[in-house]
Amino acid sequence: MSTTLHHDRVRVTLGGDGVAEVALARADKMNALDPAMFHGIVGAIAQLREEKSLRAVVLHGEGRAFCAGLDKSSFAAILGGDKGFSDLMARTHGLANHFQQVAWGWRELSVPVIAAVQGAAFGGGLQVALGADVRYARPDAKFSVMEIKWGLVPDMSGAVFLAELVRPDMARELAFTGRIVEGTEAAAIGLATRVCEDPLAEARAAAARIAASSPDAIRAGKRLLNGASPVRADEVLLAESREQQALIGSPNQLEAVQAGLENRAARFR
């Protein structure tokens, strides 16, 4: 027996086997992140934290993309001086702020989270995927640390995950260039766990295997591996927010957004 609950732009289905499926359900916009999507993901994570019978989570996007990143309407709000995008220093969710929680929250969930990635996982969407413990991706899936296009840095816990998963020089190249990496290369460099033709089916199969194992050992294993990370997450998450807050609304950042929205070359000072 399963139960389906809806948050803004997010659907959570709880199966009788203890496996939850979380679907980003804004397919017409490639599951792009707008305020409602942020609230929906944070709400889904909060709900799952309270599910005592939870064994594993499958995270995926509906339609042709996992998540295409921040919605363009949000960049227009930045141009309009929306202060909600610059109030980043408050730790609203433990170590994280509200925006970081959509990715960092999966790390802090007590059970394994397996992401199935098809199509685009760009910018904030990539960071949401990186928050999962495991990522299965189609060979033609596309990954990008795309924040540089908008004059920004990864600030949704991406700096933590990139430092853990990818060679330092590769992490820097991805962050400095924003180049698009397809699934096969993503697996080779550490952004994806492995490639497969049907990542959602593989994610469901892996979640079922995990759900059939001792829940005590699975949760202990996640705690152990989380604690083994060499990255000081508290310091890096705070540094992300500090750097991003300084960038948002600065002249060169506004020019990057304007140029991107107008599809022209930027003219930086």
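In which segment does Asn-263 lie?

A: Asn-263 lies in the segment after helix H11 (251-262). Helices (H or I, at least four residues) and strands (E, at least two) are DSSP runs numbered from the N terminus. The model is a predicted one, in which local features need pLDDT of at least 70, side-chain atom pairs count only at pLDDT 80 or more, and totals for chains, interfaces and linings use all residues. Residues are numbered from 1 along each chain as its sequence is written, and side-chain values use heavy atoms, with hydrogens and water left out.

Asn-263 is not a glycine, yet it has a positive phi of about 55°. With a relative accessible area of 71%, Asn-263 is exposed; buried means under 20%, exposed over 50%, and partly exposed in between (1.4 Å probe, protein chains only). Met-30, also not a glycine, has a positive phi of about 55°. Met-30 is placed in the loop between strand E3 (19-24) and H1, and its relative accessible area of 23% makes it partly exposed.

Two packed helices are described by the angle between their axes and the distance between the axes. Helix H1 (residues 35-49) packs against helix H3 (residues 98-108) at an angle of about 30°, and their axes are 9 Å apart. The axes are lines fitted to C-alpha atoms over the stretch in contact, and angles run from 0 to 180 degrees between N-to-C directions. H1 and H3 are therefore roughly parallel to each other; angles under 35 degrees count as roughly parallel, over 145 as roughly antiparallel, 65 to 115 as roughly perpendicular and the rest as oblique.

Contact means heavy atoms within 4.5 Å.

H3 is mostly covered, since nine of its eleven residues are buried. Gln-100, Trp-104 and Arg-107 are among these buried residues. Asn-97 caps the N-terminal end of H3, where a side-chain oxygen lies 3.0 Å from the backbone nitrogen of Phe-99. Within H3, Trp-104 counts as buried at 6% relative accessibility. Beyond residues up to four places away in sequence, Trp-104 touches Leu-95, Ala-96, Ser-157, Val-160, Phe-161, Ala-233 and Leu-237. The C-alpha atoms of Trp-104 and Gly-131 are 5.7 Å apart, although 27 residues separate them along the chain.

Ser-241, in helix H10 (residues 233-247), is in contact with Leu-88, Met-89, Arg-91, Asn-97 and Gln-100, leaving aside neighbours within four places in sequence. Ser-241 counts as buried at 1% relative accessibility. Its side chain reaches the backbone oxygen of Leu-88 at 3.3 Å. Such a polar contact is a pair of N or O atoms within 3.5 Å; within protein, one must be able to donate a hydrogen and the other to accept it, and residues adjacent in sequence count only if both atoms are side-chain atoms.

Finally, Arg-135 is found in strand E7 (residues 134-137) and, at 3% relative accessibility, counts as buried. A polar atom of the Arg-135 side chain lies 3.4 Å from the backbone oxygen of Leu-130.
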